[in-house]
Amino acid sequence: MIRALLYLRSVSLRNRIAGAARRLRQPKYLASFVVGALYCYFFFLRRMHLTSGGLPLAAITPAALATVGGALLLIALLARTALAWNASSAEARLKFSDAEVAFLFPAPLSRRRLIHFHLLGSQLSILLTSVAFTLLTNRWSFLGGNALTHAVGWWIILSTFSLFGNAMNFVASRTQQLFGSGLRRRVLTGLLVLTFILVRALWKTAQPPPDFVPGDFVSGYAGYMAAWLQSALGSGVLLIFRWIVAPFAAPTIHAFALAVGPALLLPAICYAAVILLEVPFREGSMASAQRRAEFVAARRTGSPSGVRGAVKLRARKSPFQLRGQGRPEMAFLWKNLIGIQSWFNWRILAILLGTGAFFILTLLRKTHPTTAAAYAPLVLITAAFAAFYVMLLGPQLVRQDLRSDLLNADLLKGYPLPGWQIVFGQMLTPAILLTGMLWLLALAVGWAAFSGYSAAEVFSAGTRLTLLGCIGIVIPPVVILQLVVPNAAALLFPAWHQTTRTRAGGVEAMGQRLIFTLGQFLMVAIALLPAVVVAALVVLASNGWSYILAAANSADGASADSAHHSVALILATICVLGIVLGEVGVGIWWLGKRFERLDIASELKP
Amino acid sequence: MIEVQGLTKRYGTFTAVQDLSFTVRPGEVLGLVGPNGAGKTSTLRSLAGIIPFSSGSVSIAGNDLAADPVAAKRRLAFFPDEPRLFDYLTVRQHLAFVARIYGVADYESRAQPLLEELEIADKADLLPGELSRGMKQKLVIACGLLHEPSVMFFDEPLTGLDPLGIRRMKDSIMRRAQAGAAVVLSSHLLHLLQEVCTHVLIVKQGQKIAHGTLAEVVARYSGGQLGVSLEEIFLRATADGSPVEAASPPLISTAAAQPQTPLGLCPESGEPPLPPPNPSAESSANAEPPLLSPESGGDAASTPEPPLLPQ
């Protein structure tokens, strides 16, 4: 049995490596592999032997780490429990591939053997994931222990999570068999009540966080969190979860050896439950394998249902009424706004943002009863970071444009529209989404700028208002400029682009994504450079002019200064708009020409 | 009307379509046939403006496809063999989207009869993922017909349809041709061509093998035999060593000007029979069969019609 499994896994792995090696004969895959390998080396492997590598941060205490880690594990296991009990039919299932179902289920194998086949198979994945996580966490200088303790620690945590999921699935199924679905609802209600009790306990014991200390903030905040959790939940609630995290948190081999025994208690109980509970799992496993096979097939064809995960598409309402006549670009906006509704909903986003903001602000008020200006630096820094990531990653993540319709290129090319109109129409939806996000962040900055924060008041209110207005005006064309780059990449290298959409794994796939992300960053930086230089020159020239005017007319200097700043900003914005809009126009026109010449069928030939 | 002159499509060094010339007038249905890999789909995709052709010229309803593709595409509809649809738009939303693209102001009054004609009116709020292949094909056809094109290209239009659907589709194509549309139809279903097409164009390895009314093509390859099926004609025409039709005047140049029956006969004049080129396709390898041209037409009154269908 074990031999058969090992044979299956080793042959599959060998064939997969051979296939990947064959792909490396193509220069683009080889280049991606080199980039991916260099990234892995510099980001993970090079730091393996650097004991004090990474940021110079103070070490976190093992007890604090175990408590915080245990709390996170508790949350994960609660979510896993809710998932198991919330399944519409709590049907027991184990993860088998379509081929494994076809070969193993009719074979003369006992139930226990099938379960062991599954558990051993999942152990191989868990081992690989443990190694990957170890490479990541070994870079963190604030952790104790070494690579071995981290690897085994991760293995215990991941195995516990996996076995707990199986056990909970079997328990839910068995309970439904015995007591019907009424109990399922009661368990879910109980979970909700439990979550409410935990949140309430945390709320009541909330204390002001420690002051920010550079070099000590990780251990400082971990200690603060651990103390908060201990006071809210007591030491008993988290005990078993702390045991599971303890080997990972162990600072020495001796502490690690002592921690391993208790850590294996929960996984052992889960294993016993899976083996001993007489629950039929074949039907559920077969249905699950079929769904996975359909998902993989959809992913290979680039279908949205495959790319976004096993989300069942359902009909969505039109965002607005589309009349038969008018600008055809609006048809693409309308279409793609319907398309994004399967993963994006304005109302849900607004509710989540509103609820999150309410809780954070209330908590901050409770722990930091002070003025709004005190939060301004935090808001400014958060908004700046968020804006940077939206600018950097947004165009790669929000791709409901030509990239998502690349396989429908023949259909689009049949339409009586010039290429640029199709390209521009397709870009409108991601442009609106990203612009909306950036405008929200600009609003947050605006709030901080007028909150009484002293650093912001260096500029007059008029200048601040003008600056915000200028930023708001410049955002949409810059966003479209950013979208031109990934769309150009998709049209220039359709096969390559399609590979990154449909193939998840491999060093070369990672390299491809890196090349796309960094390439986009570089291209946008180059495209924005002329606009930035011209804007800077305009501001400098205008400032020089304002000094001359101020010298000539020294009366009412402050208001004149403010007006000149505003005029300079407006002039600079006009220049930036002109340059960026020109680049966007040329880019979209060129993309349209490229789209008109595209033959997707021959481009995607292997 | 479709006018094609010297159409050539190359993929790198491979020539998929070579120097193809033909004309399809309003009311005509041209059957495009050939073995797998003959270049039929490349021809249709080039004619529909989906892929740029390498050389030659294509005119769609008087609009040069290369010079003014937007005007040309406004007059045509292309129906691919594999229905391509947007996963997240319902049937009704597909029609609304296509209507805006083509600027069909009164699309709602046109859409409902179309959906009913194609028997998908009750599926209007379903997504493509919830439709069978045949239903998807019908939706593609509804989208293509919404703007009432005067030129239509069908690539294997009956794939996935049930027998009733096939019957209705054939009727629909013929009705639209009778209303003045020029239709090109690619299919391996030769009985479909016999029932629907007025003309046939046989291609092989990207080159024209034969072109004319069904009667002309049958006459050319039947070798004087009676009751030769179109399938047999097709096999003879595309057999190894069969002659490729040189760049010659289109066979339909005169015949097509007259009203045609679906079987390609000119009811008033009948078609002049072609002398049997050779007893068999194999022996015709080195002999150029006589082509029908205005000058080469025989005496219609004194010659019997060649058999077109299996007796």
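**Figure 1. Buried residues of helix α9 of chain B in the predicted model**. Helix α9 of chain B spans residues 230-238, and its buried residues are L230(B), I233(B), F234(B), R236(B), A237(B) and T238(B). An α-helix has 3.6 residues a turn, so residues three or four places apart point the same way.

**Figure 2. The hairpin of β9 and β10 of chain B**. The hairpin has 2 residues between its strands, and Q205(B) takes a positive phi near 50 degrees. Strand β10(B) is mostly covered, with 6 of its 7 residues buried.

**Figure 3. An open sheet of 4 strands in chain B**. The strand order is β2-β1-β4-β5, with antiparallel pairing. Strands of a sheet pair through backbone hydrogen bonds, either parallel or antiparallel. Strands β2 (14-24) and β5 (63-64) of chain B stand at the edges; each has a single partner strand, so one side of each is left without a neighbour in the sheet. Strand β1 (residues 2-11) and strand β4 (residues 55-60) of chain B pair in the antiparallel sense over 5 bridges. In this pairing, I2(B) has I60(B) in β4(B) as its bridge partner. Helix α1 (residues 40-47) of chain B packs on the sheet, where it touches β1, β2 and β4 of chain B. The direction of α1(B) makes about 120 degrees with that of β1(B).

**Figure 4. The largest nonpolar core and a second, separate core**. The largest nonpolar core has 146 residues, of which A142(B), L146(B) and V183(B) touch the most other members. Helix α18 (residues 419-449) of chain A gives the most to this core, with 13 residues. Leaving aside residues up to four places away in sequence, V183(B) touches V29(B), L30(B), M152(B), F154(B), I173(B), R176(B) and A177(B). A second, separate core of 50 residues includes A71(A), W154(A), I156(A) and V245(A). In soluble globular proteins, nonpolar side chains tend to be buried together.

**Figure 5. The side of chain A that touches chain B**. Here, 31 residues of chain A are in contact with 32 residues of chain B. The elements of chain A that give two or more residues to this side are α13 (304-307), α14 (329-340) and α17 (409-413). Helix α14(A) gives the most, with 6 residues. By residue type, this side of chain A divides into 14 nonpolar, 11 polar and 6 charged residues.

**Figure 6. Chain A and its confidence values**. Chain A has 23 helices and 0 strands. Of its 606 residues, 30% count as buried. Among the contacts in chain A with a separation of 6 or more, 82% are between residues 24 or more positions apart. The mean pLDDT of chain A is 81, and 84% of its residues reach 70 or more. Over residues 306-310 of chain A, however, the pLDDT is below 50. Beyond near neighbours in sequence, this stretch has 11 contacts in the model.

Methods:
Residues are numbered from 1 along each chain as its sequence is written. Chains are lettered from A and ligands numbered from 1 in the order in which they are written. This is a predicted model: local features need pLDDT of at least 70, side-chain atom pairs count only at pLDDT 80 or more; totals for chains, interfaces and linings use all residues. Two residues are in contact if their C-beta atoms, placed from the backbone, lie within 7 Å. Ala, Val, Leu, Ile, Met, Phe, Trp, Tyr, Cys and Pro count as nonpolar, Asp, Glu, Lys and Arg as charged, and the others, Gly among them, as polar. A nonpolar core is a set of buried Ala, Val, Leu, Ile, Met, Phe, Trp, Tyr and Cys residues joined through C-beta atoms within 7 Å. A residue is buried if 20 or more other C-beta atoms lie within 10 Å of its own, exposed if 12 or fewer, and partly exposed in between; C-beta atoms are placed from the backbone. pLDDT is the predictor's confidence in each residue, from 0 to 100. Two strands pair if DSSP finds at least two bridges between them. Axes are lines fitted to C-alpha atoms, for helices over the stretch in contact, and angles run from 0 to 180 degrees between N-to-C directions.
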